[in-house]
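Me: I would like to learn how to read a protein model feature by feature. Could you take me through one slowly, giving the general idea before the particular case?

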Amino acid sequence: MKRRIAQIIIALLTVLLAYETFFMMTRTFRKGVVDVSTVSLNGPADVWIGDSHYENISLDELKFDPVPAGTVMRYTLTMPEDELDSPMFTIYITHCITNVYLDQDLIYSYGSENKYMIGYGHVSFPLDNGYAGKELCVEYIATEKGETASLEPPVITENSAVFYRNQLCRLRLQYFIDFTLIMLGLSIAAVSLVFMLRDEEMVRLVYLAVSIFSMGLWVMCNYDLIGIFTNNLALKGYLEYLSFYIAPFFFTLYFADDFYIREKTFRRYIFLGILIAQGIFAVDCVVLHFTNIRHLPRSLPINHILLVLSLGFILYMSIRALIRKKHMHKHFLIGFFLLVVFCLRDMIYFFLYYYVGHNHGNRYESRMLSGVFIFAISMFLDFFSVQTRRKTAEARNELLDKMAYTDTMTGLFNRRKSDEEFASLKASHKTTSYGMISFDLNDLKKANDNYGHEAGDQLLTDFSNLLSEVFTDDCITCRMGGDEFLVIIPDEAKADAASLLDTLQKKCDRINETRTPLALSYAHGYCSSNDPEITAKNDRDDYDPVTEVFKCSDKRMYDRKIEMKAQRI
């Protein structure tokens, strides 16, 4: 029931947040792309890439091998003769210290103050009037190895806000999907943290929420969607790399219950090794970055290796479980397959972009967002599918246990349960003081012979209900068979036998004031593990304290029954 409530709350929050996001974006973009004066400074330009020199070339046609850190790249071109009103200069930076000059005068500089992270993306700054016909020089100094393989032409627009607004219009579907992904992660995390206090299984949902939120954050940075919030490329870089390095750890942790705790073969140690490696890697990346030993972008190959190992092992274990029909993750497999399809598509386009050059001057754009979104939804469905299946199995097992340990007529525990409790008491005899009360219900045969078996059954039921009412959670009440009952008190510090017996007799007397045709009557015998009659036998070789306590209580009950019969005569 609690899990169903959590599902409903998460679904409502996600739908509400997605609707609000869609409504906001629809209202913002209802007019579509705004036509403004825009000038792309594509060349012809003179370009220097390290020691290589290119003359009169268009920037969007220039392709070169990824450059090492420290490489100086520079291009010069002539600014257009026609000036725009309130011009804004927008340039794309890729992990490079960037300086912009007009007629050798420095007008903008970015990245020199960022010791650890430059980042990548668009930056804009206002351009003073009077730039027409001047020589523009843009200088880049690469700070990361292999991150720069092209130079995107700068753009002059009348308003930088319009530039980002038009970008939002072109990518509105991506924005909607990504914000929904992030909101899904946040809403799942909020609800699961609340319900985790009552259900430990919800901690898996927290792991899933963190991984989904991290994936959404990574996609937002990777698609450059974060530009509407901040122009700080360093912040964007930190968010992108850290979220990409953290997400796999929590994603792998989500499967710990199935592939480590429940797994009994050597495979559990493979899983544990991968999980520990991912955790150490995430911490290692941060430490090495801020000690200037290895920056975050340089850790990408290691993360890719760990990611392939993790996904490959989880996929293997899931397929193995599916074949064996054990802990099946069908939704995960479907989502994972679709994610692989999008990954293959991106890998092909990435290869063409960097090595074949068939992008015709356009910057490479990933389609991973759709795959990540589908995968996140499939993982969300996988969690509730697995939990529903597991809870159903637990409920079935509880029902079977109840049937195995419950007397069908009275609802009390049966003799099998008493035998199990005897074994438990034997294990704790040295440290726990316990007691037993044996009962024998009087007049059951008389009720069956004179008033029928229905009257006898009712007599048993009434007495059983009375025992259940008096001897509650701290006691174990069993029907041993026929008209004999046993109450086990596992810890006498929590239940006083004399007080409980007194309460039982008072309630029985009140019932008998109106009960017909036969009154409730019983004989009982009580014995404690600390009883002198029991402790006196400690030196015997065949001493079984639990059995001795039971025999003692049973004997005292029969002695009491004989006394009651003598009194009646």
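Predicted model: local features only at pLDDT ≥ 70, side-chain atom pairs only at ≥ 80, totals over all residues.

Me: Where is D103 found, and what is its phi?

Reply: D103 is found in the loop between β6 (96-102) and β7 (105-110), and it too is a residue other than glycine with a positive phi, here of about 50°. Its relative accessibility is 40%, so D103 counts as partly exposed, since that class runs between the cut-offs of 20% and 50%.

Me: Now the peptide bonds: which residues does a cis peptide bond join, and what is omega there?

Reply: In general, most peptide bonds are trans. In this model a cis peptide bond with an omega of about 5° joins G43 and P44, and P44 lies in the loop between β1 (38-40) and β2 (45-49). Another cis peptide bond joins T516 and P517, where omega is about 0°, and P517 sits in the loop between α14 (497-512) and β14 (522-528).

Me: How do I read the packing of two helices, and at what angle do α5 and α7 pack?

Reply: One looks at the angle between the axes, the distance between them, and the residues that meet. Helix α5 (residues 233-254) and helix α7 (residues 267-290) pack at an angle of about 160°, and their axes are 9 Å apart. That angle makes α5 roughly antiparallel to α7, because angles over 145 degrees are classed in this way. The crossing of α5 and α7 is left-handed.

Me: Which residues of α5 and α7 meet, and how do they divide by type?

Reply: On the α5 side the contact includes Y238, L242, Y245 and F249, while F271, L275, F281 and V286 are among the residues in α7 that they and their neighbours in the contact meet. The residues of this contact of α5 with α7 divide into 13 nonpolar, 4 polar and no charged.

Me: How far apart are the axes of α7 and α8, and at what angle do these helices pack?

Reply: The axes of α7 and helix α8 (residues 300-324) are 11 Å apart, and the helices pack at an angle of about 150°; α7 and α8 are therefore roughly antiparallel to each other. Here α7 passes α8 in a left-handed crossing. The contact includes R267, I270 and F271 in α7, and L306, F313 and R320 in α8. Its residues divide into 11 nonpolar, 3 polar and 2 charged.

Me: Finally, how many disulfides does a search of the whole structure find?

Reply: A disulfide is a covalent bond between the sulfur atoms of two cysteines. A search of the whole structure finds 0 disulfides. C527 is in no disulfide, and the nearest cysteine sulfur, that of C552, is 3.1 Å away, whereas a disulfide is counted within 2.5 Å. With 0% relative accessibility, C527 counts as buried, and C96 is also buried, with a relative accessible area of 1%.

Notes
Residues numbered from 1 in each chain as written. Heavy atoms only, no water. Axes fitted to C-alpha atoms, helices over the stretch in contact; angles between N-to-C directions. Helix = DSSP H or I, 4+ residues; strand = E, 2+ residues; numbered from the N terminus. Parallel < 35°, antiparallel > 145°, perpendicular 65-115°, else oblique. Left-handed = near helix turned anticlockwise from the far one by under 90°. Contact = heavy atoms within 4.5 Å. Nonpolar A, V, L, I, M, F, W, Y, C, P; charged D, E, K, R; others polar. Buried < 20%, exposed > 50% of the residue type's maximum accessible area, 1.4 Å probe, protein only.
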